[in-house]
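Let's walk through this fold together, one region at a time. Keep the viewer open and follow along.

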Amino acid sequence: MAAAGRARRGAGLSAAALLALPALALLALLALPPGRGGAGPGGAGGAGEAQPGSSPPLLLPPGLREELRQRRRDLRRLEAAAGGGEAATGGLGCGDLSRATAVSVLGWGFTKVVSRAALAGGGSVALKSVHGAGREVRRCVQRYGAPAGCRRLAAYKLLKEVTLLQRLQHPGIVKLHGQCYDNSGDAEMRVIAMLELGSPLEMIQLLQTPWEERFKICLSLVKLLFYLAHSPLGSIVLLDFQPRQFVMVDGNLKVTDMDDASTEEQSCKEDNDCTLDFPTKSFPLKCSEVGKCEGINEKKNLFNAYRYFFTYLLPHSAPPALRPLLNDILNATGDLRYGINETLRAFEKVLHLYKSGLYLQKRPLLLKDYISLKGFRTVQGEDYKCWPSYSHLGCLLSIHSAEEAAAICNSQLQCQSFIVTQHRTWTGRPLASFQSSWTDLIPDANAVVYIKRSASSGERL
């Protein structure tokens with residue numbers, strides 16, 4: 001509730017007015033000393049400059065003043081790159097924040113604290129604010145000895161993130177639901193972003209999920225990187241590309257941390273200025289005629305996707321017929337022979353083969369070895385396990401058809417029967433439940449149970 005309490009003091013501006021403020025207006029307000037948040041965008045000068053009728057500004061060391069000016073310039077450049085187009089501001093403001101309840105800290109990083117809050121009208125949001133005791137502020141204070149100025153410096157990163165989220169609209173980027181500016185309380189609370197709430201990405205858990213779900217994560221990431229390579233702001237690189245910068249929202253992967261994203265491509269004079277270095281590999285790139293390293297942002301994103309996601313999530317337990325194509329993707333992205341366009345086409349080809357069933361190798365028809373009973377299903381309960389299953393209670397797998405399910409059942413010693421359920425995966429494929437018994441049958445007009453003829457021999461059906 002501390003965050004909501006401090007935000008309440010800044011609720012003098014209406015939510016609509018706050019959300020209408022572009023980042024530059026907030027930037028101008030941010031330059032004011034505490035208690036002067038009501039000044040208009042034109043009433044603020046640079047950090048450390050006196051304002052007419054205001055209290056004396058903070059006296060900041062020259063080095064800190066220069067860093068503040070640089071971050072202001074970066075924010076202005078970002079606004080200019082946006083071209084004044086329509087920005088998505090969300091619908092929440094300080095009034096909504098002041099009525100929020102059950103505020104609890106979810107975690108923190110070098111610069112920001114992330115909290116969860118329940119909205120008065122229902123639903124929850126993630127709140128981002130400057131972490132006054134975070135490493136970035138502490139290092140700045142150690143260097144300059146100016147806590148308020150250092151918190152202000154960190155706040156520019158959050159303003160930058162808000163600006164990016166206003167301009168970038170993609171299913172792979174968390175939604176900005178609103179923002180609140182509070183210039184009357186603690187410096188680290190001056191800007192609060194209200195975002196779509198997600199759950200942390202847990203790689204260990206992902207490794208235990210079915211291949212189809214892991215492929216979905218990788219495909220979503222590729223689509224995001226394609227968008228970033230061709231965004232309205234130009235090619236964008238995620239400088240701090242780590243799994244911890246992503247969350248899951250309703251089963252979908254989304255990047256949630258954009259303050260270290262950059263729209264600037266590395267400048268160069270010759271090709272030797274354009275080596276892309278990673279801990280285990282280096283890639284020579286070309287210096288373009290305009291003095292920029294060609295495609296460096298796109299390639300940096302793609303290689304990071306390869307080393308943090310593709311390597312772990314793509315190959316394991318994939319359908320055997322798709323493994324050569326997946327290995328091609330791994331090799332081509334690991335060597336940066338593919339750009340993001342080629343990578344997306346390769347992923348879409350795999351998806352097409354998988355959804356259509358064309359990946360299935362020609363094999364003997366096995367469904368003829370099963371008896372089908374329409375209008376019945378087996379009693380659901382704990383049964384033998386298989387990996388990776390969609391259920392922890394038994395063996396529940398994605399299939400293309402009953403014929404494929406028969407082949408799977410034949411390959412498992414415990415399997416005596418299976419039922420094709422009504423449940424579908426994100427690709428539209430049905431789930432089949434494989435079981436070691438078929439004797440416990442109950443009526444179900446929408447179901448069909450398939451029983452091995454060998455298992456039913458001598459039994460009365």
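In what order do the strands of the open sheet of 3 strands run? The order is S6-S8-S9, and the pairing is antiparallel. Because strand S6 (199–200) and strand S9 (252–255) are at the edges with a single partner strand each, one side of each has no neighbour in the sheet. As background, strands of a sheet pair through backbone hydrogen bonds, either parallel or antiparallel.

Before going further, a word on what you're looking at: it's a predicted model, where local features need pLDDT of at least 70 and side-chain atom pairs count only at pLDDT 80 or more, while totals for chains, interfaces and linings use all residues. Residues are numbered from 1 along each chain as its sequence is written, and side-chain values use heavy atoms, with hydrogens and water left out.

Back to the sheet. Strand S8 (residues 246–249) pairs with S9 in the antiparallel sense over 4 bridges, and Phe246 has Val255 as its bridge partner in S9. Helix H9 (residues 211–229) packs on this sheet and touches S8 and S9, with its direction at about 35° to that of S9. Those angles run from 0 to 180 degrees between N-to-C directions, with axes fitted to C-alpha atoms, for helices over the stretch in contact. Contact itself means heavy atoms within 4.5 Å.

Now zoom out for a moment. The protein has 14 helices and 17 strands, and of its 461 residues, 49% count as buried (under 20% relative accessible area, with exposed over 50% and partly exposed in between, using a 1.4 Å probe and protein chains only). Among contacts between residues at least 6 apart in sequence, 67% join residues at least 24 apart.

Val350 makes a handy example of a residue on the inside. You'll find Val350 in helix H12 (residues 340–356), and with a relative accessible area of 1% it is buried. Setting aside neighbours within four places in sequence, Val350 is in contact with Trp211, Phe215, Leu322, Leu325, Leu326 and Ile329. The C-alpha atoms of Val350 and Leu219 are 10.0 Å apart, although the two residues are separated by 131 residues along the chain.

Why is strand S16 (residues 430–435) largely enclosed by the rest of the structure? It is because 6 of its 6 residues are buried. Pro430, Ala432 and Phe434 point one way from S16, while Leu431, Ser433 and Gln435 point the other way. S16 pairs with S14 in the antiparallel sense over 4 bridges, and Leu397 has Ala432 as its bridge partner there. S15 and S16 form a hairpin with 5 residues between them, and Gly428 in the turn has a positive phi of about 90°.

On a 1 Å grid over the protein atoms alone, a cavity is a set of points where a 1.4 Å probe fits but cannot get out, and a pocket is an open set with protein on both sides within 12 Å along at least five of seven lines; lining residues have an atom within 4 Å of a point. The largest pocket has a volume of about 740 Å³. Of its 27 lining residues, the closest to the centre are Trp108, Val114, Arg244, Gln245 and Asp257. S1 gives the largest share of that lining, 3 residues.

The second largest pocket holds about 620 Å³ of space. Its lining has 26 residues, and Ser317, Pro319, Pro320, Glu404 and Ile408 lie nearest the centre. H9, strand S14 (395–398) and helix H13 (402–410) each supply at least two lining residues, with the largest share, 3 residues, coming from H13.

Among the residues that line the largest cavity are Gln245, Val255 and Asp257.

Methods. Pairing = 2+ DSSP bridges. Points joined across faces, edges and corners; volume = space filled by probe spheres on them.
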